[in-house]
Amino acid sequence: MKRSFSKGSFRPPLGRVQNLGSARDGTEDFIRQRLSAIALVPLCLWFAYSMACLSVADYQTVVAWMQFPINTVLLILLIFVGFYHAHVGIHEIFEDYLHSPVVKALSMVAMKFALITLTVASVLAILRVAL
Amino acid sequence: MAAHNRPLSPHLQIYQWQLTAVMSILHRGTGAVLAIGILPFVYWLMAIAGGEASYNQAHGLLASPLGLLMLFGWTFALFYHLCNGIRHLMWDAGWGFEIRTVYQTGYAVWIVSLLLTGAVWAIAFWK
């Protein structure tokens with residue numbers, strides 16, 4: 001039988017129908033992981049410093065801190081960017097270490113649902129204090 | 001086909017640990033630890049939204065010996081992942097691939113992340 005490779009591709013037909021190899025959209029994840037990483041450098045430094053300053057703060061001090069507009073904005077940004085970065089990272093870890101397709105799919109879905117729920121819950125909590 | 005009789009390349013049990021390999025897996029490890037740290041962070045935010053009583057309860061929990069120990073671990077994980085992340089970004093830009101530079105930046109990551117961890121806890125205790 002004549003082996004028919006499609007033009008410009010070295011992937012054999014069997015590998016192609018089994019969806020082996022690159023899915024051709026990995027670059028997007030790579031770029032977004034780096035972009036969120038760059039944004040997280042100043043955000044995390046600000047966050048760590050703020051948490052250190054609030055270490056023994058009473059309730060009124062913490063609320064006043066959270067109501068200060070710059071802190072509200074940075075805190076929400078930290079949640080969106082940080083949780084997104086965590087999402088990409090956990091996705092990568094699951095892809096590498098979970099080999100059963102069922103376990104992998106269920107873990108991915110659970111992780112995504114959990115992170116989205118946590119994002120909504122934290123932003124609501126911040127707005128409730130800040131507004 | 002006797003595939004299991006083929007010689008295998010050295011795996012983790014036999015491969016000598018080196019700074020580069022340890023730092024690489026630690027980057028993923030600290031990333032996973034930080035992802036788990038999302039849970040106490042969200043708990044803290046929701047406790048503040050819940051009012052003074054729930055905030056005091058959360059603060060007491062986080063300021064307990066076990067809570068402080070975990071927060072210390074998360075502080076180091078944050079700064080290690082941050083510093084080594086910058087090292088990764090430099091590699092992405094094509095800089096620092098010489099063996100000598102890789103080790104220099106590797107040691108720099110340890111020093112800076114330990115210093116930043118110390119600085120944050122110094123601020124926290126001086127307050």
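## Chain A from end to end

From the N terminus on, the elements of chain A run α-α-α-α-α. That gives chain A five helices and zero strands. Helices (H or I, at least four residues) and strands (E, at least two) are DSSP runs, numbered from the N terminus. This is a predicted model, in which local features need pLDDT of at least 70, side-chain atom pairs count only at pLDDT 80 or more, and totals for chains, interfaces and linings use all residues. Residues are numbered from 1 along each chain as its sequence is written, while chains are lettered from A and ligands numbered from 1 in the order in which they are written.

Of the 131 residues in chain A, 17% are buried. A residue is buried if 20 or more other C-beta atoms lie within 10 Å of its own, exposed if 12 or fewer, and partly exposed in between; the C-beta atoms are placed from the backbone. Two residues are in contact if their C-beta atoms, placed from the backbone, lie within 7 Å. Take the contacts in chain A between residues at least 6 apart in sequence: 71% of them join residues at least 24 apart.

## Where the chains touch

Chain B puts 25 residues in contact with 26 residues of chain A. On the chain B side, the elements that give two or more residues are α1 (19-50), α2 (52-62), α3 (65-92) and α4 (99-126). The largest share, 11 residues, comes from α1(B).

This side of chain B divides into 17 nonpolar, four polar and four charged residues. Here Ala, Val, Leu, Ile, Met, Phe, Trp, Tyr, Cys and Pro count as nonpolar, Asp, Glu, Lys and Arg as charged, and the others, Gly among them, as polar.

## Two helix pairs across the chains

Two packed helices are described by the angle between their axes and the distance between the axes. Axes are lines fitted to C-alpha atoms, for helices over the stretch in contact, and angles run from 0 to 180 degrees between N-to-C directions. The axes of α5(A) and α1(B) come within 8 Å and cross at roughly 30°. These two helices are therefore roughly parallel (angles under 35 degrees; over 145 is roughly antiparallel, 65 to 115 roughly perpendicular and the rest oblique). The crossing is left-handed, meaning that the near helix is turned anticlockwise from the far one by less than a right angle; clockwise would be right-handed. Residues of α5(A) in this contact include A:Leu118 and A:Ile126, and those of α1(B) include B:Val42 and B:Ile48. By class, the contact has 11 nonpolar, one polar and one charged residues.

The helices α2(A) and α3(B) pack at about 145°, with their axes 10 Å apart. Their crossing is left-handed. Among the residues that meet are A:Arg34 and A:Ala48 of α2(A), and B:Thr75 and B:Asp92 of α3(B). The classes are nine nonpolar, two polar and two charged.

## The largest nonpolar core

A nonpolar core is a set of buried Ala, Val, Leu, Ile, Met, Phe, Trp, Tyr and Cys residues joined through C-beta atoms within 7 Å. The largest one has 32 residues, and A:Ile126, B:Leu34, B:Ile48, B:Leu78 and B:Phe79 touch the most other members. α3(B) gives the most, with seven residues.

Leaving out residues up to four places away in sequence, B:Leu34 touches A:Ala86, B:Trp74, B:Ala77, B:Leu78 and B:His81.

## A closer look at B:Thr75

B:Thr75 is found in helix α3 of chain B. B:Thr75 counts as buried because it has 22 C-beta neighbours inside 10 Å. Apart from neighbours within four places in sequence, B:Thr75 is in contact with A:Ala48, B:Thr117, B:Val120 and B:Trp121.
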